[in-house]
Amino acid sequence: MNPASPRLISKLLPMFSLIALVLFAAFPLHAQGEGNVIHFVRNPDTAPDFKLDTLDGKPLSLSEWHGKVILLNFWATWCGPCRAEIPDLIELQKKYQDRLQIIGLAFEDEDVADLKKVVAKTGINYPVAIAPFDIRMKYGGIAALPTSFMLDSEGRVMQKHEGLRDPLLYELEIRALLGLPIPARVETFEDTGQIFLSHADRANELPGVDLSKLTPEQRIVALRRFNAETCTCGCKFTLAQCRIYDHNCPISGPRTAKIVADVARGQSSKPASAPVKSEASPGAAGKSQR
C-alpha cells in the first residue's frame with residue numbers, strides 16, 4: 001500500500017481530531033486517564049468592559065453578551081498567525097453559537113476598508129471592531145498577536161493565550177466553561193501576573209531572576225523590592241511586572257540581579273528610581289507598547 005501523501009494527511013487531520021474529541025466526550029473523565037489537563041484562574045477578575053462600534057456600525061460591549069462564554073480575540077490583518085486561526089474561530093462560533101460569543105478586536109492602525117475586505121473574504125461570522133489604545137491597555141497592551149482571553153458566562157477572565165494555539169484547546173476550554181463533558185481534567189492556578197500584571201506582587205518567582213541562593217526571609221525582601229521599584233526602561237511598571245511582560249528587558253534583568261546580590265550580602269541599596277504608578281489600569285495584563 002502506498003503511504004498517504006502529506007496533502008491527504010493534512011486534509012484528514014482536522015476530521016480525526018474532531019472524531020477524537022467526540023469519542024472522548026462520550027466517556028466519563030475518570031475513564032480517560034490523567035494525561036489531559038486544562039487550566040483556569042482560581043480567583044478570576046472581571047474583564048474590563050468597553051463600548052465600541054462594530055465594522056457594521058452596531059454598538060458592541062461585553063455586557064450585552066452576559067450569560068455566554070466569550071472568546072475575546074485581539075488580532076490584525078497583517079498578522080499571519082491571526083489570519084491562520086480565523087477559520088477555526090468561525091467553526092467554533094458556528095458550533096456553539098447559542099452559548100458562545102467570539103469577538104474580534106483589531107488594532108487601530110488598521111485601514112477600515114482593508115479590514116472589511118478581509119472580514120468579507122474570510123467569512124467571519126462574529127462581530128469585529130477596532131480596539132483603540134486605551135482598550136488594549138486595559139487588557140495589558142497586548143504584547144503579542146494573536147492574544148485571546150477566555151471569559152466565563154459571568155464575564156470573568158479564566159485564561160489568556162498568546163500566539164497561535166491549537167483550536168482543540170479553545171474548544172476544550174469552551175466546553176468546560178459551558179459545563180459540557182471534556183476529555184481532560186480542569187486544574188486551577190493563582191494569577192501571579194500571567195493574566196493581569198497587577199497581580200505580579202503575588203509571584204514567588206519571576207522569569208530570569210535567580211532566587212535560589214536566598215533564604216526564605218531574603219526572598220521575601222527581594223520580592224518586595226521588585227514590587228516597590230519602578231523599571232527605568234520607560235514602561236513605568238514595577239521591576240516584577242516588567243520581568244513578567246518582557247523577559248528580555250535590558251534594564252529589569254540586571255537591576256533585579258543587583259537587588260538579589262545586595263540582599264544576599266545583607267545590603268539595602270536605594271531603588272534606582274522612586275515608584276511610579278503604572279499607566280495601565282489596575283487590571284492591566286501588560287505594559288504599553290513601544
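Q: Which strands does helix α2 lie across, and at about what angle does it run to β5?
A: In this predicted model, helix α2 (residues 80–95) lies across β4 (69–75), β5 and β7. Its direction is at about 155° to β5.

Q: What makes helix α5 a helix that packs on the sheet?
A: Contact means heavy atoms within 4.5 Å. Helix α5 (residues 167–177) touches β4, β5, β7 and β8, and its direction makes about 20° with that of β7.

Q: What is the strand order in the open sheet?
A: The order is β6-β5-β4-β7-β8, 5 strands with mixed pairing. From one strand to the next, the twist averages 20°.

Q: Why are β6 and β8 called edge strands?
A: β6 (128–131) and β8 (157–162) each pair on one side only.

Q: How do you know that β5 and β6 pair?
A: Pairing needs at least two bridges between two strands. Strand β5 (residues 100–107) is joined to β6 by 4 bridges, so the two count as paired, and they run parallel. In this pair, G104 stands opposite V128 in β6.

Q: Why is K236 called partly exposed?
A: Buried means under 20% and exposed over 50%. K236 has 37% relative accessibility, which lies in between, so K236 counts as partly exposed. K236 is in the loop between α6 (216–228) and α7 (239–245).

Q: Which kind of peptide bond joins L145 and P146, cis or trans?
A: The bond is cis, with omega about -10°. Most peptide bonds are trans. P146 is found in the loop between α4 (133–138) and β7 (147–151).

Technical notes
Residues are numbered from 1 along each chain as its sequence is written. This is a predicted model: local features need pLDDT of at least 70, side-chain atom pairs count only at pLDDT 80 or more; totals for chains, interfaces and linings use all residues. Side-chain values use heavy atoms; hydrogens and water are left out. Buried means under 20% relative accessible area, exposed over 50%, partly exposed in between (1.4 Å probe, protein chains only). Axes are lines fitted to C-alpha atoms, for helices over the stretch in contact, and angles run from 0 to 180 degrees between N-to-C directions.
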